[in-house]
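Work through the exercises below with the sequence and the coordinates at hand. Each task is followed by a solution in steps.

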Amino acid sequence: MKSTIKKQIRAWYVYDLANTIFSALFLTFFFPPYIKEYLGGHEGHIGTVTGISTLLAGLTVPFAGALSDYIGRRMPFLMIFTIGCCVATALISISNLYWALGLAVMANFFYGISLAIYDALLPKLAPPDKQGTISGYGVGVGYLGTPISLIAVSILLYFLGWESEIGIRSVFVLTAVLFLGISIYPFMVIKEEKSSVDGSLTDHIVSILREIKQSVRQIPGIKGFLPFLLCAFFFYNAIMAVVLFLYLFGQEELGLTKMQFVPIYAGMAFAAAIGAVASGYLSDKFSPKQILKWSAWVWIVVLTCFIFVANMTVFVIGGMIGGMAMAAYLTAARPQLIKFADPQKMGEYFGFMALTNKASGFMGPAVFGWIVATTNYKIGLGVLIAFFVIGLVFLTWVPDEEKIVITKVDS
């Protein structure tokens, strides 16, 4: 039995690797310059599309999470949303500007829901005292998806051309193939016990909506949960904007080419993998809250350096340190959320976390994109620093206790 669980945990790691390929090639690297350089769009388009898709995902995720709780299975949802993301991504390769923007909304929408369902598998696979460590290993293995994807895309563009339109369009097909192909392994390995469900689908939907309403009403009764969600909202605002516009910042401010960005981005991913494993261990040793605090302060320092010392050395070193800080946030947020959640409603609580992330994913890229489009990157980075500072203020209201007490609210 133990060997079976370990195998499933390894498969859980592999899905993190697969979805990181989408994040690396689509969100950070090729979608933004594809829209701006080849289809005639700008940063405002990129930020708005990403924002709309993440907001839609956020509104949908609590329901999908609650439904998976009720049915008792998460893998069918993970498969469906992953396939949807990959199909939309591949179709972008044959699209004009407005079709590409619409398909990007769909791809990122499906991607966002799949991440929440994937996160909600963690408490099923890991014991409470190991969730921080396993979360860290998952994020760490996930970041290996970046160098794998960069090697694959380098081979593709070596033959098709780094700046050719056919090469860039082909990257979207490659992204879809890698994401779906690698995901097949966790789809096959992670098994869930079938649960019998009584009643009609309508009854299920009504019951789920009632449960979500009840859980929303209970949020004020969970000490520190609302400040945690607000903290995550502002942290994720800034992180999503950095992820989406990192390459364009290097291109606009430093003249960075796509070929030059490959080894730099690989180094950032390697640093992030180390940061994920280390922060997972430290999260169990100290507390997830402490790791979240350290992550924010590191980002504030890095972004300040980007504003006042914009050169290639600072970009590379700051990017690597920032990658470690981003991994620390992603690693610590999961076990911190689990401290608040009712074990019987884990998917639903991860849904609320995803709603928070998606709402901030709507605001952060959209605000940053339009600020940059109308002013410059330095002013945009200053806004991101403000987001981290506000998030730190809310984090001070999150209790330090190892176990959060839930005060029930009558329906």
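**Exercise 1. Find the mean pLDDT of the protein, and where confidence is lowest and highest.**

Solution. pLDDT is the predictor's confidence in each residue, from 0 to 100. Its mean over the protein is 85, and 87% of the residues reach 70 or more. Helix H9 (residues 201–218) has the lowest confidence, with a mean of 70, while H8 has the highest, at 96. Helices (H or I, at least four residues) and strands (E, at least two) are DSSP runs, numbered from the N terminus. Over residues 403–411 pLDDT stays under 50; the model has 21 contacts for them beyond four places in sequence, a contact being heavy atoms within 4.5 Å. Where pLDDT is low, the predicted coordinates should not be read in detail.

The model is predicted, so local features need pLDDT of at least 70 and side-chain atom pairs count only at pLDDT 80 or more, whereas totals for chains, interfaces and linings use all residues. Residues are numbered from 1 along each chain as its sequence is written, and side-chain values use heavy atoms, with hydrogens and water left out.

**Exercise 2. State how many helices and strands the protein has, and what share of its residues is buried.**

Solution. The count gives 15 helices and zero strands. Buried means under 20% relative accessible area, exposed over 50%, and partly exposed in between (1.4 Å probe, protein chains only). By that rule 59% of the 411 residues are buried. For contacts between residues at least 6 apart in sequence, 86% join residues at least 24 apart.

**Exercise 3. Determine how many disulfides the structure contains.**

Solution. The search of the whole structure, with a cut-off of 2.5 Å between cysteine sulfur atoms, finds zero. Cys 85 is in no disulfide, its nearest cysteine sulfur being that of Cys 86, 5.3 Å away. Cys 85 counts as buried, at 1% relative accessibility. Cys 86 is buried too, at 5%.

**Exercise 4. Classify the aromatic pairs Phe 22 with Phe 179 and Tyr 158 with Phe 159.**

Solution. Rings of Phe, Tyr and Trp (its six-membered ring) pair if their centres lie within 6.5 Å; planes under 30 degrees apart are stacked, over 60 edge-to-face, and the rest tilted. The structure holds 38 such pairs. Phe 22 and Phe 179 are tilted, at 6.1 Å centre to centre and 35 degrees between the planes. Phe 22 lies in helix H1 (residues 2–38) and Phe 179 in helix H8 (residues 165–189), so the pair ties together parts 157 residues apart in sequence. Both residues, Phe 22 and Phe 179, are buried. Tyr 158 and Phe 159 are edge-to-face, at 5.2 Å and 90 degrees. Both Tyr 158 and Phe 159 are exposed.

**Exercise 5. Describe the surroundings of Ile 239.**

Solution. Ile 239 sits in helix H10 (residues 225–254) and is buried, with a relative accessible area of 3%. Leaving out residues up to four places away in sequence, Ile 239 touches Trp 299, Met 326, Tyr 329 and Phe 388. Its C-alpha atom is 9.9 Å from that of Gly 323, 84 residues away along the chain.
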